[in-house]
Amino acid sequence: KLKEMAAEPRTLIFYEAPHRVAQTFKYMASMGDEVGDRGVLVARELTKRYEELHRGTVKSTAAWFAETANIRGEFTIVLGPKEAVVLDEEDQLEQALVRVRELIDGEGMSMSSAVKQSAKEVGVVKSKLYKLALDDGGADGG
């Protein structure tokens with residue numbers, strides 16, 4: 001089935017069990033650059049308290065799972081379209097920080113509210129963005 005899915009040029013959404021997810025990514029990464037370089041979002045425990053998101057390419061996500069011990073939870077996998085542009089986590093955080101500044105300066109939001117909204121819009125971890133915003137100078141925008 002994965003070979004058929006890999007040929008599909010559109011975005012694909014599928015679910016994977018925790019005991020198979022690392023092997024699934026290892027297999028997809030071994031299918032060559034056409035699949036390995038596609039962007040992917042992996043959501044663990046989607047809509048639950050301990051929700052986690054990981055973004056990258058299929059290859060980088062396979063490596064991430066190979067280094068991750070004790071994989072648990074339900075996984076939702078969003079495999080991006082062929083030739084999709086993928087931002088790494090650092091770029092996503094920078095994009096989210098720009099949005100935080102816009103919300104604080106343009107809409108008068110508190111830093112906490114701006115970080116919460118921006119993290120949700122861009123899809124980054126709120127605590128990482130909040131720390132970055134504090135390091136950037138807090139609510140004064142720098």
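The legends below describe close-up views of a predicted model.

View 1. A pair of aromatic rings is described by the distance of the centres and the angle of the planes. The structure holds three aromatic pairs. In one of them, Phe-25 and Phe-65 are stacked, with 5.5 Å from centre to centre and 25° between the planes. This pair links distant parts of the chain. Phe-25 belongs to helix 2 (residues 21–29) and Phe-65 to helix 4 (residues 58–67), and the two are 40 residues apart. Phe-25 and Phe-65 are both buried.

**View 2. The aromatic pair of Trp-64 and Phe-65.** Trp-64 counts as partly exposed because its relative accessibility is 29%. Phe-65 has a relative accessibility of 2%, so Phe-65 counts as buried. Ring pairs also join Phe-25, Trp-64, Phe-65 and Phe-75 into a cluster.

**View 3. The crossing of helix 6 and helix 7.** Two packed helices are described by the angle between their axes and the distance between the axes. Here the axes of helix 6 (residues 111–122) and helix 7 (residues 126–135) come within 9 Å and cross at roughly 135°. With that angle, helix 6 is oblique to helix 7. The crossing of these two helices is right-handed. On the side of helix 6, the contact is made by Met-111, Ser-112, Val-115, Lys-116, Ser-118 and Ala-119. Helix 7 contributes Lys-126, Leu-129, Tyr-130, Ala-133 and Leu-134. Among the residues of this contact between helix 6 and helix 7, seven are nonpolar, two are polar and two are charged.

**View 4. Glu-45 in the loop between strand 2 and strand 3.** Most residues other than glycine have a negative phi. Glu-45 is not a glycine, yet its phi is positive, near 55°. Glu-45 is placed in the loop that runs between strand 2 (39–44) and strand 3 (52–57). Its relative accessibility is 16%, and therefore Glu-45 counts as buried.

**View 5. Thr-47 in the loop between strand 2 and strand 3.** Thr-47 is located in the loop between strand 2 and strand 3. Although Thr-47 is not a glycine, it has a positive phi of about 70°. Thr-47 has a relative accessible area of 71%, so this residue is exposed.

Note on methods: Residues are numbered from 1 along each chain as its sequence is written. This is a predicted model: local features need pLDDT of at least 70, side-chain atom pairs count only at pLDDT 80 or more; totals for chains, interfaces and linings use all residues. Side-chain values use heavy atoms; hydrogens and water are left out. Rings of Phe, Tyr and Trp (its six-membered ring) pair if their centres lie within 6.5 Å; planes under 30 degrees apart count as stacked, over 60 as edge-to-face and the rest as tilted. Helices (H or I, at least four residues) and strands (E, at least two) are DSSP runs, numbered from the N terminus. Buried means under 20% relative accessible area, exposed over 50%, partly exposed in between (1.4 Å probe, protein chains only). Axes are lines fitted to C-alpha atoms, for helices over the stretch in contact, and angles run from 0 to 180 degrees between N-to-C directions. Angles under 35 degrees count as roughly parallel, over 145 as roughly antiparallel, 65 to 115 as roughly perpendicular and the rest as oblique. A crossing is left-handed if the near helix is turned anticlockwise from the far one by less than a right angle, and right-handed if clockwise. Contact means heavy atoms within 4.5 Å. Ala, Val, Leu, Ile, Met, Phe, Trp, Tyr, Cys and Pro count as nonpolar, Asp, Glu, Lys and Arg as charged, and the others, Gly among them, as polar.
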